[in-house]
Amino acid sequence: MMNRLHSRLKSSLKYCVVITTLALAGCATVPDVIKGTGPSLVTDFSAAQKAPQAYKGMEARFGGRVLNVLNQPDTTQLEIAVMPLNSSGAPFLGSASVGRMYARINGFHEPSNFRDQYVTVIGTLNGTKQGKIGEVEYTFPVIDVTGYQRWHKSQQVMMPPPVYGPDPWRWHDGYYGGGYYGGGWYYPPGPAVVQDYLVP
């Protein structure tokens, strides 16, 4: 009985840690380097892709996974598979790409620091540039980068949500059990799910 109680208490503590982690994540803010300078920040990639001239010169923030890196004389060009961003400005892991773009960063940057990594960039939209995806011609929106944030994968354990009812492991007058002696919020046993997410 005591071993089962000890295991139950450990599980409850783990649930509390997860809930605290999620609460803190809900308070996450966009890193300063990609916040932007004004209220008219463009975040709709599809709109900018469909009407590049209408958005030229505007500040935008997009992100996703870096597929290719091209070092040029004065800039480093990232080819990014653009993904939706969450409230902290990080790409949603597992989401489908909504298109591709070129992000140009001033100066030389080591390709291995970006290739196959997740990044969010902010900068000025500067029209489009023709390129290829495999053998297919493609029009890439271009953004001249003024700030960027690289992201790193981390993991969290997602437990079943708490339920309300008689807790079978509540202490009642010298024994453990719920029965008809009252109920409350408790965490039922269930499989844990390991979820990947991105952190700065």
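Colleague: Leaving aside its neighbours within four places in sequence, which residues is Met101 in contact with?
Modeller: Contact means heavy atoms within 4.5 Å. Setting aside neighbours within four places in sequence, the contacts of Met101 in this predicted model are Phe45, Phe62, Leu78, Glu79, Ile80, Val82, Val121, Phe140, Pro141 and Ile143.

Colleague: Which residues do totals for chains, interfaces and linings use in this predicted model?
Modeller: pLDDT is the predictor's confidence in each residue, from 0 to 100. Residues are numbered from 1 along each chain as its sequence is written, and side-chain values use heavy atoms, with hydrogens and water left out. Local features need pLDDT of at least 70 and side-chain atom pairs count only at pLDDT 80 or more, while totals for chains, interfaces and linings use all residues.

Colleague: What is the mean pLDDT of the chain?
Modeller: In the chain, 71% of residues reach 70 or more. Over residues 1-26, pLDDT stays under 50. Where pLDDT is low, the predicted coordinates should not be read in detail. The mean for the chain is 82.

Colleague: Is Met101 buried or exposed?
Modeller: Met101 sits in strand β3. Strands are DSSP runs of E, at least two residues long, and helices are runs of H or I, at least four, numbered from the N terminus. Buried means under 20% relative accessible area, exposed over 50%, partly exposed in between, with a 1.4 Å probe and protein chains only. Met101 has a relative accessible area of 1%, so it counts as buried.

Colleague: What distance separates the C-alpha atoms of Met101 and Phe45?
Modeller: Phe45 is one of the contacts of Met101. Along the chain the two are 56 residues apart. Their C-alpha atoms are separated by 9.3 Å.

Colleague: Why is strand β2 largely enclosed by the rest of the structure?
Modeller: One side of β2 carries Thr75, Gln77, Glu79, Ala81 and Met83, all buried. Strand β2 (residues 75-83) is largely enclosed because the buried count is nine of nine residues.

Colleague: In β3, which residue is the bridge partner of Ala81?
Modeller: Two strands pair if DSSP finds at least two bridges between them. Strand β1 (residues 59-71) pairs with β2 in the antiparallel sense over eight bridges, and a hairpin of three residues joins β1 to β2. With strand β3 (residues 99-106), β2 also pairs in the antiparallel sense over eight bridges. There, Ala81 is partnered by Arg100.

Colleague: What volume does the largest cavity have?
Modeller: A cavity is a set of points on a 1 Å grid over the protein atoms alone where a 1.4 Å probe fits but cannot get out. Points are joined across faces, edges and corners, and a volume is the space filled by probe spheres set on the points. The count is one cavity of 30 Å³ or more. Its volume is about 30 Å³.

Colleague: Which element gives the most to the lining of the largest cavity?
Modeller: Lining residues have an atom within 4 Å of a point; among them are Ala48, Tyr55, Leu125 and Val142. At least two lining residues come from each of α3 (52-55), β4 (118-133) and β5 (136-158). With three residues, the element giving the most is β4.

Colleague: How many helices and strands are in the chain?
Modeller: From the N terminus, the elements run α-α-α-β-β-β-β-β-β-β-β-β-β. The chain has 200 residues, of which 36% count as buried. The elements number three helices and 10 strands.

Technical notes: 1 Å grid on protein atoms, 1.4 Å probe; cavity = no way out; pocket = protein on both sides within 12 Å on 5 of 7 lines; lining within 4 Å.
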